Amino acid sequence: DKTRRKPGTSHHQKNKHKKMSGILSLFGMESVGEDEQLFLEHMTTTEVINGPQVVWLPPFRKRADKRKAISLGPLEYCCVRNTMSGEQRIERGPQLLFLKAHDHADVVEKVISLKKNEFIRFLDKRTGKVRVEKGEQGQVVPTAYETFLDEATATATGRPTGIGPPIRQAIDLKCNEYVKIEDKSTGNIRVERGEQLVFLGGFEELVGPKQQAVDIDVEHAVLLRNKRTGQQSLITEAQKFFPSSDEEILEVRDLIKLAEYEGCIVRGEDGQDQFFFGSNADQRCFFLPPHSHMVELMWSRGRRRERRDLVLTKVDLRPMYMSFEFNCRTTDNVELVLEGSFFWEIVDLKAMMRFTSDTSGDVCNHARSKFIERVSKVTLQQFMNGFNAIAEKVHKDDDTFYTQRGVLIHSLEVTGYRCAEASTAQILEQIIQETTNRMNKLQQQESANEVALQQMAGEIEQEQSKGALIQARIANSEQTAKMEGIAEGERLNSFLATTATQIPDIASRLVCSDPS
């Protein structure tokens, strides 16, 4: 039977397989793919076998590791460091990166792509040199010993890092913008004006944000300080002003305008005060010169002048009203609250500045002291009868105080008064009520008297008219009788004249009548 095996054949094969298995287990075999590497760590050295191939493992080895090769795309790179020599190199894609025996690869990074308005700075750790790459370009990769300069700066200043490469934007300046840039390696500062796109150099940093140019015109000027000399200057020429690298803009000053009735005080660098008045044409508009400032006057306000917080830089020289209120006590121990007003004006600003810094407070406080002095010498009744006369004496009998301070008081009036205590106020109210009633009664009596006088005057006028009528009638009667007599006489004369011509005279008539 051919199918029957010879005695001992199976046992022989089994021994052969056992021997082969022992040999295979002693040496070992690894299949390395085309994108794999086999790291064999011998007793003294390390060997790297790149795929694709089948590798028989040596019997005397420490370890055998199979790893994937690093696939780098066209937009990727990787930094590789040799652990034996310490050397570093950059591997750029596209490639399948097979590491060497003692190579260690860092994380795969994306290459840097820069737009037209972007830039990035690298610092070489070995030489200390700074490399600046500006847009527009792609495939920007640091060298093996370069780091991101602005990432190191961000770490030092506490800004967040690790979110992509520190790509910086170029500074876009408009026509009215400028920026100051300092070179940290030399300390020099330069000024860049718009319109342009500004890229920083290796050691350059911005000195503050972008600034607007100052429009100098008839109402605006620029106060500058030169950092080299420390001198200040005022630029008033109309222009769009950009400072130089050594100049610092301290202030944009507005044109100071004074009305016809206003005045102000300017203190110069020598400490002298200069007075400006709107009534003078050459002082009506001006710019503050360097090292000068407007003097601020701190006046008191409130009816009792209890708060000194009214800040004035311009003084109104027109006549004005100022109200006041204070307490005083009469000689019969009645405490009154006086209310009134000043009508006053400042006529000498220099004298005011020389003698007082709180004009309104001084005027009111002085008037209060004079009121207290005079009211304390009169009773309540006397005060009620003549408080306006007291107010007149307060400011007219003491004009030197106000004149010395350049103040003219036109009038001082007491517009009202009341008792400080409620009980006294009630009594005063009763007195006032009685006085009012008496005045009303007097007014009523005066009205009745006026009516009676008018009635009497009417009757007198009526009688006078009657007498005139009688006299007129008598005169008319006399005139009528006179006219009638004259008329009768005329008739007699006419009759006599007629008879004289017709009747002979007496002698002739006598002759004719004699018989002899």
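Me: How many aromatic pairs does a search of the whole structure find?
Reply: The model is a predicted one. A search through the whole structure gives an aromatic pair count of 14.

Me: How many residues apart in sequence are the parts that the pair of Phe119 and Phe199 ties together?
Reply: Phe119 belongs to strand 13 (residues 118-124). Phe199 is in the loop between strand 21 (196-198) and strand 22 (204-206), so the parts tied together are separated in sequence by 80 residues.

Me: Is Tyr178 buried or exposed?
Reply: Buried means under 20% relative accessible area. Tyr178 has a relative accessibility of 6%, so Tyr178 counts as buried.

Me: Which residues form one aromatic cluster?
Reply: Two members of the cluster, Phe324 and Phe326, also belong to the lining of the largest cavity.

Me: Which strand and which helix each supply at least two residues of the lining of the largest cavity?
Reply: The largest cavity has a volume of about 60 Å³. Its lining divides into 3 nonpolar, 1 polar and 5 charged residues. At least two lining residues each come from strand 37 (320-329) and helix 4 (359-375).

Me: The charged end of which residue sits over the ring of Tyr261?
Reply: The charged end in question lies 3.6 Å from the centre of the Tyr261 ring. It belongs to Arg318.

Conventions
Residues numbered from 1 in each chain as written. Predicted model: local features only at pLDDT ≥ 70, side-chain atom pairs only at ≥ 80, totals over all residues. Heavy atoms only, no water. 1 Å grid on protein atoms, 1.4 Å probe; cavity = no way out; pocket = protein on both sides within 12 Å on 5 of 7 lines; lining within 4 Å. Points joined across faces, edges and corners; volume = space filled by probe spheres on them. Helix = DSSP H or I, 4+ residues; strand = E, 2+ residues; numbered from the N terminus. Nonpolar A, V, L, I, M, F, W, Y, C, P; charged D, E, K, R; others polar. Phe/Tyr/Trp six-rings, centres within 6.5 Å; stacked < 30°, edge-to-face > 60°. Buried < 20%, exposed > 50% of the residue type's maximum accessible area, 1.4 Å probe, protein only. Lys NZ or Arg CZ within 6 Å of the ring centre and 35° of its normal.
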